[in-house]
Amino acid sequence: QPATATVGGVNAQVQYAGGVPGLVAGVLQVNVLVPQGVASGSAVPIVLIIGGQSTQANVTLSVR
């Protein structure tokens, strides 16, 4: 399924979405490039959408 992402409400490039070598089947790794212009902060919202389903609300990451 195609994966898309937003960081701080800005569209972000998904560089990889797939399995993780060496871990059990079903574990998903998603590498997202934080776009320029995203405000820094300790709780910047990130949303992943894969196969029409989005991540739960209030998932955040720290941006310096």
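What percentage of the 64 residues in the chain is made up of buried residues? Buried residues make up 17% of them, where buried means under 20% relative accessible area, exposed means over 50%, and partly exposed lies in between (1.4 Å probe, protein chains only).

## About the model

This is a predicted model, in which local features need pLDDT of at least 70 and side-chain atom pairs count only at pLDDT 80 or more, while totals for chains, interfaces and linings use all residues. Residues are numbered from 1 along each chain as its sequence is written, and side-chain values use heavy atoms, with hydrogens and water left out.

## Overall architecture

The chain has zero helices and six strands, so that its elements, read from the N terminus on, follow the order β-β-β-β-β-β; here helices (H or I, at least four residues) and strands (E, at least two) are DSSP runs, numbered from the N terminus. Along its principal axes, the C-alpha trace spans about 35 × 25 × 20 Å.

Among contacts between residues at least 6 apart in sequence, 35% join residues at least 24 apart, a contact being heavy atoms within 4.5 Å.

## The nonpolar core

The largest nonpolar core consists of eight residues, namely Ala5, Val7, Ala12, Val38, Val44, Ile46, Leu48 and Val63. A nonpolar core is a set of buried Ala, Val, Leu, Ile, Met, Phe, Trp, Tyr and Cys residues joined through side-chain atoms within 4.5 Å. Strand S1 (3-7) and strand S4 (41-50) are the elements that give two or more residues to this core, and S4 gives the most, with three residues.

Leu48, one of these core residues, touches Thr4, Ala5, Val30, Val32, Gln53, Ser54 and Thr55, when residues up to four places away in sequence are not counted.

## The surface and its loops

The chain exposes about 4600 Å², of which carbon and sulfur atoms supply 52%; accessible areas come from the Shrake-Rupley method with a 1.4 Å probe, and for residues only the protein chains shown count as cover.

Val27 sits in the loop between strand S2 (10-19) and strand S3 (28-33), and is partly exposed, with a relative accessible area of 33%.

In the loop between strand S5 (53-54) and strand S6 (60-63) lies Asn58, which has a positive phi of about 70° although it is not a glycine. Asn58 counts as exposed because its relative accessibility is 76%.
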